[in-house]
Amino acid sequence: AALKDALRSQVSAALKEGRVTPTELCQRCLALIKSTKFLNAYITVTEETALKQAEESEERYKRGQPLGILDGIPIAVKDNFNTAGIETTCASNMLKGYISPYNATVVQKLLDQGAVLLGKTNLDEFAMGSGSTDGVFGPVRNPWSYSKQYKEKSIPKSHSEDKEPDWVISGGSSGGSAAAVSSFTCFAALGSDTGGSTRNPAAHCGVVGLKPTYGLISRHGLIPLVNSMDVPGILTRCVDDAAVLLGSLAGHDPKDSTTIQDDFKPFELPNLTDVSKLSIGIPKEYHAPGLSSEILAFWSKAADLFKNAGAKVVEVSLPHTRYSIVCYHVLCTAEVASNMARFDGLEYGHRSDVKDSTESMYAATRREGFNDVVRGRILSGNYFLLKQNYEKYFVKAQKVRRLIASDFGKVFRSGVDILLTPTTLSDAAPYTEFIQEDNRTRSAQDDILTQAANMAGLPAINVPTALSERGLPVGLQFIGRSFQEKQLLTVAKWFEKQVQFPVIQLEEVKRHDSGVFQQQKSASFS
Amino acid sequence: MRVLSLGRWLRAGRVPPRGRVRLNSGHRHSGHRPQAPPQGPAQVPPRKVSVEVLDHLEHLALVDFRDSEGVERLQKAIQFADQLHEVNTDGVEPMDSVLEDRCLYLREDDVTEGNCTKELLENARETVEEYFVAPPGNIPLLKLEEQNTYLQGSK
């Protein structure tokens, strides 16, 4: 209650004051979704239910009884969260047509606060991938591909009116959610983060991507990939919004016993002016092979920014960083092998017509339902879990995991408050270039900077920093101590204010412009 | 802890990206695509996995390799994972979960929800009354010799 009163928000205030109604807002977002359909950010658009929710929200505002700061705010949810009565596919043939019988806890919490669910966003199949290119509904296009900023930097081609050739990827696996937020079709979106799946697309799409501490937000209803590393991720246009979303989602859930039982108090972010008491760590191993010189320069500048503002900036070492991706590869495939075993066609999802025997039906169902990436990970995982390999690979990876986690522990105990690293190795690649390497190779390359935070369960956030020479967003990552999201977000907010990341200039959005949208573009709902 | 001098650090001999680093000459596909991460000190050739093991994996996972690409993918995955053996983990305990220092929440053993048979059955393709219908059970998958799959062809 205190949070709602204290925060001033452009759209939230506008809703409260009646300058715009939830239905108007919802309709504008739905119209924008239609005109940005070529981005392929949404798998399912729940037009009817969204309008109904908007109407109910409008009633509440009329009575002067909004449920909270999120009442009437349009949001989108990644399609690996269960949403009651709405198709949940995980971008896979295995779950095409599957209508969830229940809401994931995080979805329920958002709905309970009056948020308006616009639809389910596109992703890599079963959240496996780093480009949002491997789902059955096709790849997600980065909205920045169509921005004035990118087009200005592109070499004009002979057939320059052609929208097709050089659009860039949105990153993954929560690419749809990131694209949806980036293109103004919603104010916030849920993603999931197992190896960087929220922060990677956030960096490529120029939005804020928050990975909370493992155990803070409930995973009940999130179709699992790696149970010991998955977290729901939050994508918004500014850090304050991320804090608001976090406040409504965090907390113990009896339905997810891996959520911690400590009391969680939603917080407001202070406007930090004095960073002199802060100690920022720069892990040298994050200067990974392949890091573009551009991003290196931005990283450097950011470190200087903190130093010049009086913070203590020190080089630190996380010696096992280079093994993090290998470790992840083994643990992820092993847990995937286990988690994907539930898809057999018997109780839900796709079912093959083969009737000879249970096993042959299962095998055929899985052959028909999963794509190469998923099948590949299942088989690798099973290999690492074979009796003769269990110690050598799985247990070994678990030991290396402990080493990685304790690397972070040592650094934080030595007085460093926050780590500053790049989020991705370069800006978004053109789709045609990206698909030349297979999914596993790409994931191994692209997850390298984000993955370790999942290993150690630490909170991490991508803050859009600047535009690259090609006119595409580049983000930097802050990693904090476990359960210290307030400190992490406070620093991120300070940084965001310093860098003043430009607003995307999209034709489609301009066309839908009105007084309300003008306000929205530069701010957010909080 | 010494204060970071990024200038010094940037000039120091960090391994430069291998291979193609084209300067940004204005071409759209400019040269900052990341290289493949280091494969390990020596380029060990991918370990060949025996057909028996591959067959065993297909039976365990109930998922097929489908073609030579699938098998190659596995071999590359194993080669990648072999890098783990460079790390010295003597005396290190395996870590199951980052929350290992806490107790999982256990609730009281009381029935709090249920009675959702109808909803659950709606998602299944083949049901009879309140049952899920499965094809006959204890018939094992065809042995390798009897199959008409990629692996059989490659033996």
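Q: How many salt bridges does the rule find across the interface of chain B and chain A?

A: In this predicted model, the rule finds eight salt bridges across the interface of chain B and chain A. Over all chains, the structure holds 26 salt bridges.

Q: Which helices of chain B each supply at least two residues of the side that touches chain A?

A: Helix 1 (6-11), helix 2 (51-61), helix 3 (68-81) and helix 4 (117-122) of chain B each meet that condition on the side of chain B that touches chain A. Helix 3 of chain B gives the largest share of that side, namely seven residues.

Q: How many residues does the contact take from chain B and from chain A, and what area do the chains bury between them?

A: The contact takes 107 residues from chain A and 79 residues from chain B, and the two chains bury about 8600 Å² between them, with 60% of that area on carbon and sulfur atoms. Polar contacts can be read alongside this area: the rule finds 26 residue pairs in polar contact across the interface of chain B and chain A, both residues of each pair being at pLDDT 80 or more.

Q: Which residues are linked with A:R367 in a network of salt bridges?

A: A salt bridge here requires a side-chain nitrogen of Lys or Arg within 4 Å of a carboxyl oxygen of Asp or Glu. A:R367 and B:D64 form such a pair, their closest N and O atoms being 3.4 Å apart, and the network that links A:R367 and B:D64 also holds A:D372, A:R375, B:E69 and B:R73.

Q: What does chain B look like when its secondary structure is read along the sequence?

A: Chain B follows the pattern α-α-α-α-β-β-α, which comes to five helices and two strands. Of its 155 residues, 31% count as buried, and chain B exposes about 10800 Å², of which carbon and sulfur atoms supply 53%. Among the contacts in chain B with a separation of 6 or more, 49% are accounted for by residues 24 or more positions apart.

Q: Which parts of the chain does the pair of A:D79 and A:K120 link?

A: A:D79 forms a salt bridge with A:K120, with the closest N and O atoms 3.0 Å apart. This pair links distant parts of the chain, since A:D79 lies in the loop between strand 2 (74-78) and helix 5 (105-112) of chain A, whereas A:K120 lies in strand 3 of chain A, 41 residues apart. For burial the cut-off is under 20% relative accessible area, and A:D79 is buried with a value of 0%, as A:K120 is with a value of 0%.

Q: What is the relative accessible area of A:D274, and what is that of A:K277?

A: A:D274 is partly exposed, with a relative accessible area of 39%, whereas A:K277 counts as exposed at 71%. These two residues form a salt bridge, the closest N and O atoms being 3.6 Å apart.

Q: Which residues touch the most other members of the largest nonpolar core?

A: The largest nonpolar core has 136 residues, of which A:F126, A:F306, A:Y383, A:F408, A:I461 and A:F478 touch the most other members. Apart from it lies another core, of 22 residues, including A:C26, A:Y42, A:V140 and A:A179.

Technical notes: Residues are numbered from 1 along each chain as its sequence is written. Chains are lettered from A and ligands numbered from 1 in the order in which they are written. This is a predicted model: local features need pLDDT of at least 70, side-chain atom pairs count only at pLDDT 80 or more; totals for chains, interfaces and linings use all residues. Side-chain values use heavy atoms; hydrogens and water are left out. Helices (H or I, at least four residues) and strands (E, at least two) are DSSP runs, numbered from the N terminus. Buried means under 20% relative accessible area, exposed over 50%, partly exposed in between (1.4 Å probe, protein chains only). Contact means heavy atoms within 4.5 Å. Accessible areas come from the Shrake-Rupley method with a 1.4 Å probe; for residues, only the protein chains shown count as cover. A nonpolar core is a set of buried Ala, Val, Leu, Ile, Met, Phe, Trp, Tyr and Cys residues joined through side-chain atoms within 4.5 Å. Buried area is the accessible area (1.4 Å probe) that two parts lose on being put together, summed over both. A polar contact is a pair of N or O atoms within 3.5 Å; within protein, one must be able to donate a hydrogen and the other to accept it, and residues adjacent in sequence count only if both atoms are side-chain atoms.
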